[in-house]
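Open your viewer and get ready to select a few pieces one after another.

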Amino acid sequence: MIPLNYNLRNLYVRSTTTIATAIGIAFVVAVLAAAMMLVEGLRQTLDKSGKPDTAIIIRKGSDSEMPSSIEDATLNLVKGAPGIAKAADGQSQVMGECVVVLFYDLANGKGKSNALVRGVTADVLSFRPEVKIEQGQMAKAGSDEVIVGQKLVGRFKNMAIGDTIELRKGRLGKIVGVFSAGGSSYESEIWGDLDFVRGSFGRDGVVQSVRVKLTSPAAFDGFEAFVEQDKRLGLEAMGEIDYYRKQSEGTALFLTVLGSLIAVFCSVGAMIGASITMYGAVANRKREIGVLRALGFSKLTIMISFLFESVMLALLGGMLGVLAALALQLVEFKMMNFATFSEIVFRFQATPEILMNSVIAGGVMGVIGGFLPAVRAARTPPIEAMKG
Amino acid sequence: MTLAGLTVKNIGHNWLRTVLTVLGVAIAILSFVLIRTTIDAWETAAKHGAQDRLSTINRVTFVMPLPKRYFQEFNGERGKIEGVTHATWANWFGGKHATREGEFFANFAVDTDSYFDVYQDMAVPPDQLAAWKEDRQGAIIGEALAKQFDWNVGDDVTLVGTIYPGEWKFHIRGIYVATKKSVDRAQFIFHWDYLNENLPPDRRDMIGWIASTVDSAGRAAAVSEAIDKEFDDEDVQTRTMSEQAMNKEFLGGASAILGALDIVSLIIMLIMMLVLGNTIAMGVRERTQEYGVLLALGFRPRHIAAFVVGEGVTIGLLGGGLGLLIAYPLIEQGVGRFLEENMGAWFPYFSIPPEVAAMALGFAALLAAIAAGIPAYRATKLDVIDALRRLA
């Protein structure tokens, strides 16, 4: 076998070409990693909103909380279902909520965007323990006070403690607190008292979704059977995590397809770049190859040697690309969740798996781009090559 | 032999490398054009949105309805708004295909009598329109939707409601053709009365939005204001804006993606520049001796530089031209057609804008010149003796 050092030194000697090619590959790897990180960020943000021991009930046939409606009377029937956890005071942990998407002015003056307003019950903080009041205080039950998710502050105009938001003409909510929710999509929402919010829209006596804390994730099947078996209720139960996954399905698919398409196109360019570099390397080292052949190295060995060089070149690019992609984690990404028409803010999120796959994709580009040049190197006739 | 002739000879000198570089540039240009066309197609809907057609929605959010009586303030039954020529209303139905539920398309319940007066950019054959008006369960669909689901006039179809639960049966009575690019050609339109009479009493007589045309686009803003003022003292207030303004706001939700695509298209150009620069640099290194000969013959360093840059630009333009040559049939006949026909709701119009093609070629030439810049500069610094001595 030809010492690997031979190839590494060659890359070093031709450093300008090596760097130009590696940067080309780095761009492609960065784009690929960025697309995957974006989907991951979206998924993690929504996954954080769901918990394995929580089920959500919506009206059958509605895809999300938005078009669903469940009467309070039906909600009371659900409380009789098996598998529901009890709070310390013996109450079933069942929570009905209403949601509405409202237009608000953006802080940057670029028109308006949607924000989701959720009507919540008094026990919401014990139901969602990840929610913490960062500034100010919790909205008082039964009042016109509201709290806003921390991602909305600065994104929208007049959304800080002391400001008021208009739910409807004459129905103002006073902002008394800012909350965090462990990075989940709740941080892009506004929360107010259930009766205050639904009363503002003439929806008294109706909630849109019901969340239920189960005794354990395993209790879900029994609970689901009870809720869905009674056809008159017309309800559908889902694990909360599944529900949020489904919400982001369309957006995630869109981002994945778009990202992969772009990466595939770019990678062809980068592979051609690698090919050119490797053809150049083979042509320049024709004599050396001849000498190697004359020394008794087989065709296969020479081919592997050049392929190795190409893969090293590509992996260098892959590494650079991943580093660039990591820097993207600092960037926030805001887009519309097409399932709810409300805005969701998330980050590029790297995982070791994504980074690994991106570097490997870079390596594969090296194998494909370097294959033909390596074959040419292997087929170099030794005598002619040594003549130069 | 002229300098230009030498350039051409040199490009042919290492034909494999030239072919690969041209291919690389072509693919970069192809992706650039594809991405730019996508961005443009996305923005087209907004740019071409009607300026003289207003939408009036619930001030709070478009998900919430308006009382139907508001409409009577438009059409003269209870009042008339100055400047409004036609008005109609519609409800978002949110129905899905019974089996292919993943394929989104817009479906509305509309006021049968007035809808197509307001939406004159949707042309329905008169006999089909009359047949539709006669049939309470009739539906008119867009040509793109008809193709997508293979629906024809006379078919019975069922939509599953998400907002209005249940299975809703319709008869296709007509197919409309869009007379403007920005019109979604995949809509499904049916009688509001059919929807309304099948709803529980407490959900009846609510409408999603009122659409109206104004006598001149210049007055759109003033008329919008007048409409909103009309309902200011009511329980439910309205928000009126032109279709164009509304589309822009809606597309704002996707602006981050458009921004990302924008950056990616530039990254592709950078990759192209690196590939090109690499090729030129290799060529220059290999031909150092030839340059030495040229210098010895009396050519000036600037001739050498022009020579190197000329080679780069030629390859860039060749690649750019090839890229466009592939892009046109691929996008105009292939991808674009497919998207227009199958995803008309998202991309009503998908075609390469001439300025994008021009920009692509311009970029190819400009970036090639820049990429050749460093090797060209190095070549001008060559010492004749050194260059001649160096063996290839």
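Select helix α2 (residues 15–49) of chain A together with α7(A): they pack at an angle of about 175 degrees, with axes 8 Å apart. Angles over 145 degrees count as roughly antiparallel, so α2(A) and α7(A) are roughly antiparallel to each other. Their contact divides into 18 nonpolar, 11 polar and 4 charged residues.

This is a predicted model, where local features need pLDDT of at least 70, side-chain atom pairs count only at pLDDT 80 or more, and totals for chains, interfaces and linings use all residues. Residues are numbered from 1 along each chain as its sequence is written, chains are lettered from A and ligands numbered from 1 in the order in which they are written, and side-chain values use heavy atoms, leaving out hydrogens and water.

Zoom in to find T277(A), M278(A), A281(A) and V282(A) of α7(A) meeting F306(A), E309(A), S310(A) and L313(A) of α9(A) (contact means heavy atoms within 4.5 Å). These contact residues divide into 5 nonpolar, 2 polar and 1 charged.

Now for the inside. Which residues touch the most other members of the largest nonpolar core? Among its 97 residues, they are W191(A), I262(A), F333(A), I29(B), V33(B), I257(B) and M272(B). Helix α2 (residues 15–47) of chain B gives the largest share, 15 residues.

Finish by selecting I29(B): leaving aside neighbours within four places in sequence, its contacts include M269(B), M272(B) and A360(B).

Definitions and conventions
Helices (H or I, at least four residues) and strands (E, at least two) are DSSP runs, numbered from the N terminus. Ala, Val, Leu, Ile, Met, Phe, Trp, Tyr, Cys and Pro count as nonpolar, Asp, Glu, Lys and Arg as charged, and the others, Gly among them, as polar. A nonpolar core is a set of buried Ala, Val, Leu, Ile, Met, Phe, Trp, Tyr and Cys residues joined through side-chain atoms within 4.5 Å. Buried means under 20% relative accessible area, exposed over 50%, partly exposed in between (1.4 Å probe, protein chains only). Axes are lines fitted to C-alpha atoms, for helices over the stretch in contact, and angles run from 0 to 180 degrees between N-to-C directions. Angles under 35 degrees count as roughly parallel, over 145 as roughly antiparallel, 65 to 115 as roughly perpendicular and the rest as oblique.
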